[in-house]
Structure formats: structure tokens, C-alpha cells
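User: I have a chain open here and would like to talk it through with you. Could you take my questions one at a time?

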Amino acid sequence: GAAALTFTMKNFLLALSITILYTALPTVQGFGLGGGNKARRGAAAKASSPLLEDALKGYPFVNDDKTKLSSTFNELAKLYGDEEALGMVKIEPRVLRFDAENFEPCLESWTEQFGLEKAQAMVKRNPGLLGVKPSLTEDADSSMYGSYVVAALRPSPISLAAWGVLLLSLIGNQDFWTDGGFYNGGGSPLQ
């Protein structure tokens, strides 16, 4: 009944709040701090990633130090791989502003908890985690789960189409709205 719906709505709002925090908080903490092949932790430093120019071309912010941006991207490519680093920059260009000195300690901490491949995949799903300070990575289970939520909610043509179909079915379902919508049990929006 109504109590179950309220409880479900509370859970939904809680999950939404956590998702927003996982998306925004690491970005806020790392914002402005500077800062192909599967990479290995501790891999030898390369002079420059072959995909550096592609990463800088897609960088939308102006008046930033290109040397610092290049250094940050190269560190990212060293730890996660060239293609993966470029993918993260395309998802979240601000990662080039994060403090690159935090990248390796965070990856080491997450690797101890999940293993290297799972830790790299987690950050690839949610590049905002690159803005996390190493002291905040000790218990990262919530970060792992949150990375799946962030990746699932990231706009893509498929997810936008699914949300669009749901929205259109809700808009066109007069009975759903006259019965009270979500707050009154309104039935299935697809009936």
C-alpha cells in the first residue's frame, strides 16, 4: 500500500542523492587542483602518450596551462592505458585539472581492495573518482557500487531513448495522473 510506496520513494530519493554526490563530490574536491594498451601499476614512464593531442583537442576549457594538462594526461595514460585515459577525458574533461599526484596512490589503495583490473574499471566507469584524495580511499566499497550507478545513469543514446519512451507513456496516460500518479499507487504507467 501507501507505506510500501513511501518506503520505495525514500529509497529512490536516497539512491538519487548518493548518485549525485558520487558524481559531484569527487569533481568538486579535485576541481582546479591541476594536476590502448592495458596499463600496469608502476609501468615505466613514457615521454608522452600517443593520444595526448586527441585528449587536448577535446578539452573544452580555455586559459589552462597546456604543460600541466599534458602532464596530467600522461600520468593517467601511464596508470590506466592510453585508450582508457582518452575515454575518461571524453567522459569527464575536468580530470585533466585534477591533482595527478593523487592518481597513483588512489589506484594503489583501490588495487589492494579490489585488484588492479577491477580498480581500473571502477575509475573508467566514474572518472570523477580521480579527484578523490588518497586519504579517502580506505573503504571504497561504496565507490565501487557508485561507479556502476554513475555509468548506468550517464546519458547515452540508448538510455535517453528509454527515458523518452517512459516519459511519453507517462504523459499520455491520463488515468495514471488522475489516479494520483506515483504518490497514490497510480498503477503501471505502461498499462
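User: To start, what share of the residues in the protein is buried?

Analyst: This is a predicted model, and in it buried residues make up 39% of the 191 residues in the protein.

User: And how many helices and strands are there?

Analyst: The protein has nine helices and zero strands, and reading along the sequence gives the pattern α-α-α-α-α-α-α-α-α.

User: Let's take H5 and H6. How do their axes cross?

Analyst: Helix H5, residues 103-114, and helix H6, residues 116-125, have axes that come within 7 Å and cross at roughly 125°. Because of that angle, H5 counts as oblique to H6.

User: Is that crossing left-handed or right-handed, and which residues make the contact?

Analyst: The crossing of H5 and H6 is right-handed. On the H5 side the contact is made by Leu-107, Trp-110, Thr-111 and Phe-114, while H6 contributes Leu-116, Lys-118, Ala-119, Gln-120, Met-122 and Val-123.

User: How do those residues divide into nonpolar, polar and charged?

Analyst: In the contact of H5 with H6, seven residues are nonpolar, two are polar and one is charged.

User: Changing topic: how many salt bridges does a search of the whole structure find?

Analyst: The search finds four salt bridges. One of them joins Arg-97 and Asp-64, with the closest N and O atoms 3.0 Å apart.

User: Where do those two sit in the chain?

Analyst: Arg-97 lies in the loop between helix H4 (82-91) and H5, whereas Asp-64 lies in the loop between helix H2 (52-57) and helix H3 (66-80), so the pair links distant parts of the chain, 33 residues apart. Arg-97 has 16% relative accessibility and therefore counts as buried, while Asp-64, at 24%, counts as partly exposed.

User: What about Glu-104, which residue does it form a salt bridge with?

Analyst: Glu-104 forms a salt bridge with Lys-78, and the closest N and O atoms of that pair are 3.8 Å apart. This pair also links distant parts of the chain, with Glu-104 in helix H5 and Lys-78 in helix H3, 26 residues apart. Glu-104 is partly exposed, since its relative accessible area is 22%, and Lys-78 counts as buried because its relative accessibility is 16%.

User: Which residues are linked with those two in a network?

Analyst: Glu-75 belongs to it as well, as Glu-75, Lys-78 and Glu-104 are linked in a network of salt bridges.

How values were computed:
Residues are numbered from 1 along each chain as its sequence is written. This is a predicted model: local features need pLDDT of at least 70, side-chain atom pairs count only at pLDDT 80 or more; totals for chains, interfaces and linings use all residues. Side-chain values use heavy atoms; hydrogens and water are left out. Axes are lines fitted to C-alpha atoms, for helices over the stretch in contact, and angles run from 0 to 180 degrees between N-to-C directions. Helices (H or I, at least four residues) and strands (E, at least two) are DSSP runs, numbered from the N terminus. Angles under 35 degrees count as roughly parallel, over 145 as roughly antiparallel, 65 to 115 as roughly perpendicular and the rest as oblique. A crossing is left-handed if the near helix is turned anticlockwise from the far one by less than a right angle, and right-handed if clockwise. Contact means heavy atoms within 4.5 Å. Ala, Val, Leu, Ile, Met, Phe, Trp, Tyr, Cys and Pro count as nonpolar, Asp, Glu, Lys and Arg as charged, and the others, Gly among them, as polar. A salt bridge is a side-chain nitrogen of Lys or Arg within 4 Å of a carboxyl oxygen of Asp or Glu. Buried means under 20% relative accessible area, exposed over 50%, partly exposed in between (1.4 Å probe, protein chains only).
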